[in-house]
Amino acid sequence: MAIASLLGWLVTFFFLISLLAIICYQLMCFIDLEIDYINHYDSAVRINKVVMPEFIIQAVFCLVCLITGHYFLFFPSLPYSYYNFILYRRRKHLVDVTEIFNQLKWEKKQRLIKLGYLIILLIVDLDSRKRC
């Protein structure tokens, strides 16, 4: 029982770390674009390559939290998964190359909010392991 709990916690921990890495990578691409380090096409291609893996990892993270009984992580991560689903359904999940400069501020703000949300989830995850 203790091994299963530890394994479940490790899986959720590594999913959160990978999500944080993906969001940080997207933010770095936006910052590079903002300071003219890379052009808008390369930035959009780099960001769009990691959007679907981010969505998939988030969905699997929710599923793993539900299966392993980490409800205190499952319920707070549901709005994030729902938001990703709505973006995907409306086909607004990819960055448009022609509109990237117009949407730069909004896209950065969106990623910063996701980053803060994931950091809070990571703190809750670390605190929950400490209590076990």
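The model is predicted, so please read the values below as computed ones. Helix H2 covers residues 40–68, helix H3 covers residues 71–89, and His 93 sits in the loop between H3 and helix H4 (104–131).

**Helix H2 and what follows**
- H2 has 29 residues, and its first and last C-alpha atoms are 42 Å apart, close to the 42 Å expected at 1.5 Å a residue.
- After H2 comes Gly 69, with a positive phi near 85°.

**Helix H3**
- With 19 residues, H3 reaches 26 Å between its first and last C-alpha atoms, close to the expected 27 Å.
- H3 has a kink of about 35° at Ser 77, shortly before Pro 79.
- Ser 77 is also one of the buried residues of H3, which include Leu 73, Phe 74, Tyr 80 and Leu 87.
- Just after H3, Arg 91 has a positive phi of about 60°.

**Annotated spans**
- An unreviewed UniProt entry places the feature "transmembrane region" at residues 6–31 and 51–73.
- Residues 6–31 are 100% helix, with end C-alpha atoms 37 Å apart.
- Residues 51–73 are 91% helix and 0% strand, and their end C-alpha atoms lie 22 Å apart.

**His 93**
- His 93 counts as buried because its relative accessible area is 11%, under the 20% cut-off.
- Leaving aside neighbours within four places in sequence, His 93 contacts Val 51, Met 52, Phe 55, Leu 87 and Tyr 88.

Technical notes:
Residues are numbered from 1 along each chain as its sequence is written. This is a predicted model: local features need pLDDT of at least 70, side-chain atom pairs count only at pLDDT 80 or more; totals for chains, interfaces and linings use all residues. Side-chain values use heavy atoms; hydrogens and water are left out. Helices (H or I, at least four residues) and strands (E, at least two) are DSSP runs, numbered from the N terminus. The expected span of a helix is 1.5 Å times one less than its number of residues. The bend at a residue is the angle between axes fitted to the seven residues ending there and the seven starting there. Buried means under 20% relative accessible area, exposed over 50%, partly exposed in between (1.4 Å probe, protein chains only). UniProt positions are given in the numbering used here, feature names are shortened, and annotations may be inferred rather than shown by experiment. Contact means heavy atoms within 4.5 Å.
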